[in-house]
Each structure stands twice: as structure tokens, then as C-alpha cells.
Amino acid sequence: AIFKILLEISPTKRLSQYLIRYGGGNSSLIRVDWSSANVPGFVRLPFSQEYIDVNMVLQPRLRGHLVNLAKPHLPVQPVVSFPASFHVDLCISVASSSAEPPFPYEKDRMSVLYLKEHESFSGCVDRYEIMAADGYHDLLPNATCVPQVSCVDAAVSADTPVAAGKKRKTPSTAAPVELKAQRSDKEEEGTCKSDNNDYEIMEKSVDKYDTSNKGELKSIVDPSFSRKYPGVMEAAFRVLDYLYLHPSHAPWVEGAGLLLAAESCYGNEAIMNLHRPHYLRQSFSKTDLSAIPADENTRECFVYGVGYGSSTFGTVAEQVAYREWTAEMQIIADAIEKELVHKFSADPSVDVNGHLNELEVISFYDWKKITFHRDQSYSAEGKFCSNNCQKQHTCTCIFVVGDERILEFQLFWGKQKVSHPEALKKITLSHGALFFLHPEDEEDVMRQIFEMNERTHFKHRNNGVKGGLLSIGLVFRACVQRRSVYKGTGQLVLTSKNSKSTKTKRKCERKMKEYEQCWSKRNMDEYLKDKYLSMKQRHHRG
């Protein structure tokens, strides 16, 4: 019933947040993660990154157990001690019009509720989470939506825990202003092949999103991120110590150290991931606590780079692993999420409500690079593909540690580079900076400034660093796809189909065994350890 109520409050579009005032100092902020999946026979309203501020009068349901209360409201419990659930036996009698003055509320009597709509069962709650109104989780977008209803007669009956908050952004008491720039969700999702083409970028540092953009590059970098959040750099180096200060090992071995993988592309000879010309990649992911694992030895986690049956390019499934998310990673993710809200809450094309749940640690050394590519896949018609792991309309966020490198962006029309002063841009990624890859840069859209009657998109690449240097990126994403992995090692749990032996798998298995027994493994471990410690000495004062 909760989604029905929200849509009756705003019947023309789905909003990101709903601020509800009950009177008597009580209020709730409902933040919604709407599903974007296509459901046959179901037409979705357009989505807008706005909030709506309404008064509600709640009345006890006839013959309900709250019928004798004079002014019922959703209960607010202390954050540290709220019940597992309670029953709300109320119905909404009146929702305010924009002409009514907002009810006053007390900052310590606000509840913040995150709701996620089920991908397969529209209108049903997939999971919910109670958050504190701490000045971050209750931060509102800059744009408001004018209430279009004066009366709602909808029943509420749900088992829902609600927690108290502390501080929040105070919304304006004046009548809300209509949001001028709106954007609809992309309704159609098709399956398509991943865009694994080449990788290239402008000196561009922006504090907040610029709504005047007409097709130029929107990705930005914040060079001062680590200075604003002093704890993130120490947390990052603890993550990197875990990887670089311990011997490397195979993905089926539990413990600290770089995970090895033998890779073979297009049937070529297998090569170890430490030696390949492309960057080194290590994966970590949050456990989805709402999902039920197959058994006590596995967990369900959010993943990136594993589409429908595919994995990191050239890596066989047996050698793919997603290790556990740590407290240090959460420290960095919390700071990044605050910056996402600060920088992009005014941008209707960016979803700032998705929680970061997947981390790729990418390392550039000895001229390792990545060629022109897009992180997300799009169909020939320019539609966001359903096999993408990352949530649509979310930024890819890269926290940079170590030596400076240059990220290049190039505008493409199909597979052809576009020649224009704004088509090639470069961004400097320096130690402590936070880079935001804007989702619209990769979309196939008409871009006004290029005066082309064709859809274009940006791709990016990185040519790495010189031989003695080391540049590392902690790449955070909000992902929607999940996979079963084994606890401890993080190895993928394979189906009978994926576990079948192939020529490529046998080739990679032989290469892994040879490398583990070879004297060069120890030398490479020491080489990378020394390179990392030298970088840490250059950049870290801790």
C-alpha cells in the first residue's frame, strides 16, 4: 500500500523523496529507490529527482486499536533501541495542497525510511532500511514538487520499524517552486553486447553540477576531497596495505594479498594479471543481507563486471572473486555519498539515492593502461542494457591514491571519433582527488554544442604512469546485480554450465600452477611491495 499512497500524493511522476508532516512535531522522510525494470502491461510514470513536502492528517482505522488516540502519528523510536516491527493501523485522511502552511515539526522527531521497489513485482517493497536523520540521510534535493492533491483516502497497514533522527536540512516554508528541468527514466531496456572498445579526457574541477550544460562533458573531479574528509586517506592505505604488503595468491586461497588470475583473450596464450598490459583489478563487495544464501558457506553480494554469463574480459569464471567489504571501505563510501548529494542533488539526471556497494581497486604501473571504452553497455538504439551491473543514472566514483595520471575523454559517433574543440577533454587525477563519471557522458544522446543530427557518446581511456610510478584508483559503484560467492575467498559459486571444462580454462589453470611454483612469483611480490611502499612514502604522511 505504501507505493500506492506515494503515487497518489504525486500522481504524475515518481519522486526520489517524500517529506510528510503529521503535526504535533512529527514527520517522516521517505526516500525511494524505484524499479526501472520493464514489466509487461505495466506503464511507469516518469521519474524526477525532486522531493514533495506535504501535510498529512492520520486517522485511526475504524475499529482499529488506535481508534481512541486524538492525534495519531507514525511512532518514532530512539535509533539505538527501536523494535523489530510494529503495526500501523491508520488511514490517511487528508494530504495538504500547496496553499496550506506546512505543519511544524521537531528535528528529533523525524524518521527516515529507505524503500526499494521490487524489480519483478511492481508496487511491492523489495527491502527497506531505517536511517538516522543526521543531516546526511535526511538531506533533501534542491528541487521541490508542488503537491497536486488535496485529498487522499488510502489505507496504511504495514509492519515497519521507524527510527528517530537528529539533524536535518530545514525545507523552505514557502510554497514549493516547480522544477523546470525534469528527466524521465529510460523505460526500455534491451539486452546487448558489452562495449569493450578502447579508453580517453580536460582540466575540469567543479564544485557543483552546472545546469547550463548542453552536451559538453559533465564528468568532474574534486582535488580537495581527502582534505575535506581527513579519515578517508588513512582508510584507503589500510585497504592497500592489505593488498600489497602480503604475498599474492590464487583466488581459492583465503587471506590478505593480491589475488592472482591467469587470463586468456581471443584464444591467445594465458598471461598473469600482474603482468598483463591492462591495469590490475581487485574486487570487493557488500553482502546483500536481504537475500537468502544457498547455504551457510556462501553469501549473496553485489557485483560489477559480471553480466549474464560473462565476467572480467579474459578472466575465466573460476578465477573471479569478490572479497568482503570492510569498515575502511565504508568510511570512504560514506564520505563519497555525502559528496554525491552535495554536488548532484540539483541534477535531475543523476540518482544520488543509490548506496555504494561495490569496489574495484585498479592499479596502474609499468605503463599499464586501459583503452577507450564505456563502463556501461547500450543497445544499437541507444538504450541502457539490462545486463549492466551498475544502477542506471548513478555516478562511478574514483578516489585517487598515489602518483598523478591523466584521464582522457573522446566523443564518438558510433565507432568514429568526433573532431571538435569540446570532443577531446583531459582531467588530471591527482593524489587525494575524487573523480565523478557522470552517467550522461556515456549515453547515446543528441548533444547541442556539436551541431550534429546524430546520437553521440563519450568514451574514456588512461595511458597509465611511467615505469617507476604507481597510481591507484578506488572505484566505487552502486550495483544492482548479485552473485553467490563463497565466504572467505569470495570465489563465484558456479553453475554446472559455467563449471564445464574448456580449452581456455585448462590453459589458464596450467598457467596459474606454473606461476605459483615459479621463482619469479616471489620476485614479483617483492617488486610490487617495494613500488607500493615507495609511493606511500611519497604521498602519505601518516
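Reader: What makes β22 and β23 a pair of strands?

Author: Two strands pair if DSSP finds at least two bridges between them. Strand β22 (residues 445-446) and β23 are joined by two bridges, so they meet that cut-off. They run antiparallel, and M446 stands opposite R455 in β23. This is a predicted model: local features need pLDDT of at least 70, side-chain atom pairs count only at pLDDT 80 or more, and totals for chains, interfaces and linings use all residues. Residues are numbered from 1 along each chain as its sequence is written, and side-chain values use heavy atoms, with hydrogens and water left out.

Reader: Which other strands pair with β23?

Author: Strand β16 (residues 370-373) is one of them, antiparallel and with two bridges. Here I370 faces N462 of β23. Strand β18 (residues 405-413) also pairs in the antiparallel sense, over six bridges. F409 has H460 of β23 as its bridge partner.

Reader: Why is β23 called largely enclosed?

Author: Buried means under 20% relative accessible area, exposed means over 50%, and partly exposed lies in between (1.4 Å probe, protein chains only). Six of the eight residues of β23 are buried, so the rest of the structure largely encloses this strand.

Reader: How do you know that β13 is mostly covered?

Author: Five of its five residues are buried. T298, E300 and F302 point one way, while R299 and C301 point the other way. In a regular strand, side chains alternate between the two faces of the sheet. β13 also pairs with strand β25 (residues 482-486), antiparallel and over five bridges. In β25, S484 is the bridge partner of E300.

Reader: Why does R299 count as buried?

Author: R299 has 4% relative accessibility, which is under 20%, so it counts as buried. Its place is in β13, residues 298-302.

Reader: Is S285 buried or exposed?

Author: Buried, because its relative accessible area is 0%. S285 lies in strand β12. A polar atom of its side chain lies 3.4 Å from the backbone oxygen of F302. Contact means heavy atoms within 4.5 Å. Neighbours within four places in sequence aside, the contacts of S285 include R299, C301, Y322 and W325.

Reader: How do you know that β12 and β15 pair?

Author: Six bridges join β12 (residues 280-285) to β15 (residues 358-365). E358 in β15 is the bridge partner of S285.

Reader: Which sheet holds these two strands?

Author: An open sheet of seven strands, in the order β9-β21-β17-β24-β15-β12-β14, with mixed pairing.

Reader: Why are β9 and β14 called edge strands?

Author: β9 (220-222) and β14 (323-324) each have a single partner strand, so one side of each lacks a neighbour in the sheet.

Reader: What makes you say that α3 packs on this sheet?

Author: Helix α3 (residues 231-244) touches β12, β14, β15, β17 (396-402) and β24 (470-477). Its direction makes about 75° with that of β17. Axes are lines fitted to C-alpha atoms, for helices over the stretch in contact, and angles run from 0 to 180 degrees between N-to-C directions.

Reader: How do you know that α3 meets α4?

Author: Their axes come within 8 Å and cross at roughly 145°, with α4 covering residues 327-344. Among the residues that make the contact are V232, A235 and V239 of α3 and M329, I331 and I332 of α4.

Reader: Why is F384 called buried?

Author: F384 has a relative accessible area of 6%, under the 20% limit, so it is buried. Its place is in the loop between β16 and β17. The C-alpha atoms of F384 and E443 are separated by 8.0 Å, though these residues are 59 apart along the chain.

Conventions
Helices (H or I, at least four residues) and strands (E, at least two) are DSSP runs, numbered from the N terminus. A polar contact is a pair of N or O atoms within 3.5 Å; within protein, one must be able to donate a hydrogen and the other to accept it, and residues adjacent in sequence count only if both atoms are side-chain atoms.
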